[in-house]
Amino acid sequence: LIPHNVIVCAGSKSQVANLLLLVEKIPGKVYGKQLRVSGAFHSNHMSQASRDVKIALGRMSICMPTKQLVLSNVTGRPYRSSDEIQKLLIKQIVEPVQWHKMVEYLVHYENIRTFVECGSMSVLTKTLRSM
């Protein structure tokens, strides 16, 4: 398992249902839960959307943020250039979110100690508490 014992898998509804059945058979403190999401985001199931975003971003001028720290979902680190922003925005549609790496970066390198989760779910808050 990856750090903090969290794995997120993406697939069709039937694939996810089959995976959950397999997880139930694993002995020990392992469990599965289907997340309430509207798509298989951050997985290869989004490859067409990634191609579409690549085309759209190719028509835009992207500037490097100068007043705010902006982290990449792909690397968990701050963007280093506007070219990198464009490349990683395309990749983040089909790549896993490196959420733990982002939090660890903010805590260790930016000395951030307070996090606020917006929305009706508390998944990220619960995960933060377990870190």
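Trainee: What volume of space lies in the second largest pocket?

Mentor: Rolling a probe the size of a water molecule over the atoms shows where empty space is left. Here about 280 Å³ of space lies in the second largest pocket, where a pocket is an open set of points on a 1 Å grid over the protein atoms alone that a 1.4 Å probe fits, with protein on both sides within 12 Å along at least five of seven lines, and its volume is the space filled by probe spheres set on the points. The model is predicted, so local features need pLDDT of at least 70 and side-chain atom pairs pLDDT 80 or more, whereas totals for chains, interfaces and linings use all residues. Residues are numbered from 1 along each chain as its sequence is written, and side-chain values use heavy atoms, without hydrogens or water.

Trainee: Which residues line the second largest pocket?

Mentor: Lining residues have an atom within 4 Å of a point, and for this pocket they are L69, L71, W99, M102, V103, L106, F115, V116, E117, L124, T125 and L128. Ten of these lining residues are nonpolar, one is polar and one is charged (Asp, Glu, Lys and Arg count as charged; Ala, Val, Leu, Ile, Met, Phe, Trp, Tyr, Cys and Pro as nonpolar; the others as polar). Helices α4 and α5 each supply at least two residues of this lining, and α4 gives the most, with four.

Trainee: At what angle do the axes of α4 and α5 cross?

Mentor: Two packed helices are described by the angle between their axes and the distance between the axes. The axes of α4 (residues 99–110) and α5 (residues 123–130) come within 12 Å and cross at roughly 60°, and the two helices are therefore oblique to each other. Their crossing is right-handed. W99, H100 and V103 of α4 make the contact (heavy atoms within 4.5 Å) with L124, T127 and L128 of α5, and by class this contact has four nonpolar, two polar and no charged residues.

Trainee: What is the orientation of α2 and α3 to each other?

Mentor: The axes of α2 (residues 47–58) and α3 (residues 82–92) come within 8 Å and cross at roughly 155°, and these helices are therefore roughly antiparallel (over 145 degrees). The crossing of α2 and α3 is right-handed. On the α2 side S50, V53, K54, L57 and G58 meet Q86, L89 and I90 in α3, a contact with four nonpolar, three polar and one charged residues.

Trainee: How many helices and strands are there in the protein?

Mentor: There are five helices and zero strands, and the C-alpha atoms of the protein fill a box of roughly 50 × 40 × 25 Å along the principal axes.

Methods: Axes are lines fitted to C-alpha atoms, for helices over the stretch in contact, and angles run from 0 to 180 degrees between N-to-C directions. Angles under 35 degrees count as roughly parallel, over 145 as roughly antiparallel, 65 to 115 as roughly perpendicular and the rest as oblique. A crossing is left-handed if the near helix is turned anticlockwise from the far one by less than a right angle, and right-handed if clockwise.
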